[in-house]
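Here is a friendly tour of aromatic rings and their neighbours.

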Amino acid sequence: MISMPQVQSIRRLRRNGESVASIARKTHVSEPTVRKYLAKEDLSAVPSVRKPRASVIDPYLPVIEQWLAEDRANWRKQRHTATRIWERLRDEHGAEVSLSTVTRAVARLRREFAAERDEAFMDLVWHPGEAQADFGEVDVLLRGVVQRMHHFVLDFPYSNVGLVQLMPGENAECTCLALRNLFEWLGGVPERIVFDNAAGVGHKGYGEREPRLTHLFQAFQAHYGFDCSFCNPYSGHEKGAVESKVGMVRRKLFVPRPSVWSLENFSAGLPDRCLELATKPHCRKDTEERGLFSEDRAALLPLPGKRFDVVTWRHMKADRYGVVTLEGRHRCSADRANAGRGVIVGLRALEVEVLDSSGKHLATHPRAYGQASTNSEDPSMQLALLCNKLCFSKLASAL
């Protein structure tokens, strides 16, 4: 490699009629070098590209790529590490490569896959009347006690308006109740709703074409007539709008921590408060979000003539005290007369209703959530039992 002034001298001397040998002597370079730069027609700079060199890992790259591809269908805690790949190459393929070489190759392949995946992410096109749904978590002061609750967000990406309901859990009863409340506030039903891969409503496993839906949600969907789809596992880009809205709502409506006495009353006022936040221009459209939201509402399906009763009925057996136990830890009492008999338990988002085997109403209790054991026995239901015990005790003492 010679300097550019030398190149200029070589070409200038040649234009002056000097021979190659004479130019070589005067510029102190070899004759092949002189011929090389005289033959060059273009002296434009070119990028310096490192020529790939063969590596001992090259024959095993297809095997490593196959293992990494299979990992994408496995639980993230049961995937290959670079060390495990090195061990398998050594034991199963007799590869004589160092751990550091394998580590560099695995890191490069993972970067290439991530880049390909990012390039495949495209902005989803949303039409008026389509929505996304997801849950988030917030702390509230519920009747004077700090409790971790769940806020359900129904986001309309076309207008970027999200509506919220506060729920005690993320099961099918809570999801359907939140949706029913929002449908009635909206005066209509979204044509399509995209859900997170939530087990409470349904679950879509990796590679599965159709999700497995709960019976309650299937009936709820058929009643209101909307289409639904589920995000793929580990595909947060498919619901980025609603995830962003979940965080925004938490910051705007739940900071500072609100004091709640009645979940029903508090949730009833949340949609109006959400609409008050939609006065800013849309991030990609030169229109106020609230104005675009009117287009969302205009595209909604009509409400059915009757309200859906969000309840899951179970046939259970009361114990000898007339108590049924839910989820192994929440005790709900029925009439003592039904001790040891079959009862029908209705699970709603906020309450538990108990019927006898003929469908007669026996009791209603607040529904308990969480891992701690609870007991919602109604003392008034034990009065008859106490009276009978008192009479039996007096009779025994008289005898």
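A residue counts as buried when its relative accessible area is under 20%. With a relative accessible area of 0%, F220 is therefore buried. The model is a predicted one, and a search of the whole structure turns up twelve aromatic pairs.

- F220 and Y224 make a tilted aromatic pair, with 4.7 Å from centre to centre and 50° between the planes.
- Both residues belong to helix α8 (residues 215-224), where F220 and Y224 are four residues apart, about one turn of the helix.
- Y224 is buried as well, its relative accessible area being 5%.

- F254 sits in the loop between α9 (240-253) and β8 (259-260), while F266 is in helix α10 (residues 263-268), and the two are twelve residues apart.
- F254 has 5% relative accessibility and counts as buried.
- F266 has a relative accessible area of 16%, which is under 20%, so F266 is buried.

**The aromatic cluster**
- Which residues form one aromatic cluster? They are F183, F195, F217, F220, Y224, F226, F230 and F308.

**Arginines over ring faces**
- R143 lies over the face of W261, 5.5 Å from the ring centre.
- R297 lies over the face of W185, at 4.8 Å from the ring centre.

Notes:
Residues are numbered from 1 along each chain as its sequence is written. This is a predicted model: local features need pLDDT of at least 70, side-chain atom pairs count only at pLDDT 80 or more; totals for chains, interfaces and linings use all residues. Side-chain values use heavy atoms; hydrogens and water are left out. Rings of Phe, Tyr and Trp (its six-membered ring) pair if their centres lie within 6.5 Å; planes under 30 degrees apart count as stacked, over 60 as edge-to-face and the rest as tilted. Buried means under 20% relative accessible area, exposed over 50%, partly exposed in between (1.4 Å probe, protein chains only). A charge sits over a ring if NZ of Lys or CZ of Arg is within 6 Å of the ring centre and within 35 degrees of the ring normal.
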